[in-house]
Amino acid sequence: MKPSSRSNTIEYAIRDVMVPASKLEKKGIVLTKLNIGDPNKFDFKTPQHMLDAVCDSTERFDMGYTPSEGFPEFRQAILDYEKSKNDIQATMDDVLVTNGVSEAINMIFAASLDEGDKLLLPDPSYSTYNSLAKFYSASPVEYTTIEEEDWVCDVDSIRKNIDEKTKCLVLINPNNPTGSLIPKNVVQEMVDICGEHDLFLISDEIYDRLTFDGKFYSPVTYSKDVPIVLMNGFSKLYLVPGWRVGYMCFHDPEGKMSGIEESVKKMARLRLSPNAPCQKACYAALKGPQDHIKDLIGKLHERRDFAYRRINEIDGLETRRPEGAFYIFPKITHKGWTNDKKFVLDVLENCHVLFVHGSGFSSDKGKMHFRSVFLPPVETMEDAFSRVESYLRSVKG
Ligand SMILES: Cc1ncc(COP(=O)(O)O)c(C=O)c1O
């Protein structure tokens, strides 16, 4: 029997590289996996009060479905949290709890995109956007980001790519895979562009508080009338990627997106409800101590500094300094390779280190790059990067 042609479009490079990696693991080879953005795989621990809250919730037999939009008190807590950071204009009705930001992306695409609709994505960007847009028969169009300027979004490229089929603009800030943090004036200009062309903006803010030297600016602060779908979640900042809790908030002061918002709610009803006990525990996360965040950012800052310095020491690699998230996106300048996927597979085979090929995030700017996380302790990264360094030295360039 044939799989659907729609499913043929699905690609997710970050996990697809696990297929060759698992073959090596089956042979007993131990790999250093720098492919997945999961802090819990390293020395980061979920705050104890969140673990207590999930146990408490399950012990009290809170096992039923929840309202499809999420528990009301949790939605209110999310709204209060967002209002404490941004000038978001929304009510509790505009907040929807999702099974991770991944589900929020799926829902907004399903509710807003028809065949042939265009959406503008940064090049490079988190693979889910491109793959899901194609799944819904829409046309993802990449706008340029400028590597020499720390991968900032190129507003001229955004303008050039807009036509009458364009429906929305996606901003991922800080970006995955580049770690770029978008300056205030660029964020403002992106809001203005949406206003000029009657587009809505999707603002993926999952790494908003994981920044090092610069400051994060949310587009909702600059939008008087431009509709924005703000997405965020608990996977990264609260160290619970496996709990699958995220949310979306509609900032839509003039109600331009109310039809789409209603369709998203229909999607939410169709999938019944988000995870019940983990909603309770994420409520506790917002209301409880926030001490772990300082420690998380402190460790990441040190590890970012190390990864940036050490990778630039390796002949054949060159990288910009990420200002947020926990990814670094080096360029392969070594003359021994002309294809980034081949590079990643060769490094896997010869160094037992797993990265993700840059073209898995992009059809253009990501070529001849790879993504590594800088989540592990410095010693683990030193060990992995030295193996890569020795290997590159041994290959003729
Ligand atoms: C930019 C971005 N958006 C969304 C997600 C999905 O996160 P979640 O675990 O909330 O589904 C990720 C995961 O890595 C991400 O990097």
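**Sheet, helices and ligand site**

Lys-118 finds its bridge partner in S4 at Ser-139. Strand S3 (residues 118-123) and strand S4 (residues 139-146) run parallel as a pair, linked by six bridges; pairing here takes at least two DSSP bridges between two strands. Helices (H or I, at least four residues) and strands (E, at least two) are DSSP runs, counted from the N terminus. This is a predicted model, with local features needing pLDDT of at least 70 and side-chain atom pairs pLDDT 80 or more, while totals for chains, interfaces and linings use all residues. Residue numbers start from 1 along each chain as its sequence is written, and side-chain values use heavy atoms, with hydrogens and water left out.

Zooming out, S3 and S4 belong to an open, mixed sheet of eight strands, ordered S2-S9-S8-S7-S6-S3-S4-S5. Strand S2 (95-98) and strand S5 (152-153) sit at the edges, each pairing on one side only.

Elsewhere, the axes of helix H2 (residues 18-26) and helix H12 (residues 340-351) come within 11 Å and cross at roughly 10°; axes are lines fitted to C-alpha atoms over the stretch in contact, with angles from 0 to 180 degrees between N-to-C directions. H2 and H12 are therefore roughly parallel, a label for angles under 35 degrees. Pro-20, Ala-21 and Leu-24 of H2 meet Leu-345, Leu-348 and Glu-349 of H12, contact being heavy atoms within 4.5 Å.

As for the ligand, a side-chain N or O atom of Asp-204 is 2.6 Å from one of its nitrogen atoms. Arg-244 likewise places a side-chain N or O atom 2.7 Å from a ligand oxygen.

Key
Angles under 35 degrees count as roughly parallel, over 145 as roughly antiparallel, 65 to 115 as roughly perpendicular and the rest as oblique. A polar contact is a pair of N or O atoms within 3.5 Å; within protein, one must be able to donate a hydrogen and the other to accept it, and residues adjacent in sequence count only if both atoms are side-chain atoms.
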